[in-house]
Amino acid sequence: MAFLSRSILALSIALSSSTAFAQAQCDVELRHGLIITDDVIRILDKGQTRVQINNNNQLFIRGYWVDLSDDESKVLEQFSNGIRHTVPELVNLATDGVNLGLSAIEHVVEGMSDKEPEVLKTQLQYVERALMDKFKRGDDFFFIAPQSLSQIDDFFTKEISQQIHSAVHGSLGAILVSLGDAFKSREGNIEDRINDMGQRMDIISKEIDKSLQKKAHQLELKASEYCECLNALDVTESRLQAIVPGMADYDLVQIKS
């Protein structure tokens, strides 16, 4: 049982490292939600589309088309391309990081219990909902909610990490109860099953740790790039607001520092 406890601890440490975002702060806030598809960018306010950019060159504000000159359209295109260059990759990195943790938990419990512990199902559903409130992607769209990018690490290291830990510890407790019931009813060899569980967790935790460290390194490398891109996007947005004053009502990028 001591070996099993060490394995559980190793797995918990590995999972906690999955949320290690870059130390460098990127003090940028997205003040509105965004939905991005191949042809359209929508800037949302309270869930409603307020600004729409079609094909990088056609602008609508509150449903009204804004006529732009060729030079003005180039500024709009630069703004649109800046959003497309930065946001989808950020959404991908964020969702991939959590999906990695969720997959790790599923691998741990797979084959160790006759049924999926209810606490695992409940907690993973909570994690998925919390994630989709902030980041979402589908076959043909990306979504990011209004948020401070400098506090993304808090979202992962506090809210998401706590729920993942609850799922891990709760499901392992249910598995141990299942093993105890099997022992009482003399179904199988309890010592062999516990040893197998401990060995599998030890191997999986080491692999998870490698994958999560790689993910943290990827996020660290991208941090400065995100800051540079978003600062450049803010400059372009200011130019666009000078051309179309109505854009200022839906200021997307705010640099806090």
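**Exercise 1.** Find which residue takes a positive phi in the hairpin of β3 and β4.

Solution. In this predicted model, where local features need pLDDT of at least 70, side-chain atom pairs count only at pLDDT 80 or more, and totals for chains, interfaces and linings use all residues, go to the hairpin of β3 and β4, which has two residues between the strands. There K46 takes a positive phi near 55 degrees. Residues are numbered from 1 along each chain as its sequence is written, and side-chain values use heavy atoms, with hydrogens and water left out.

**Exercise 2.** Work out how many bridges join β3 to β4, and which residue of β4 is the bridge partner of R42.

Solution. Strands are DSSP runs of E with at least two residues, numbered from the N terminus, and two of them pair if DSSP finds at least two bridges between them. Strand β4 covers residues 48-54 and runs antiparallel to β3, with six bridges joining them. The bridge partner of R42 in β4 is Q52.

**Exercise 3.** Trace how β2 is joined to β3.

Solution. Strand β2 (residues 33-36) and strand β3 (residues 40-45) run antiparallel and are joined by four bridges, while a hairpin connects them through three residues. Within this pair, G33 has L44 as its bridge partner, and I35 stands opposite R42.
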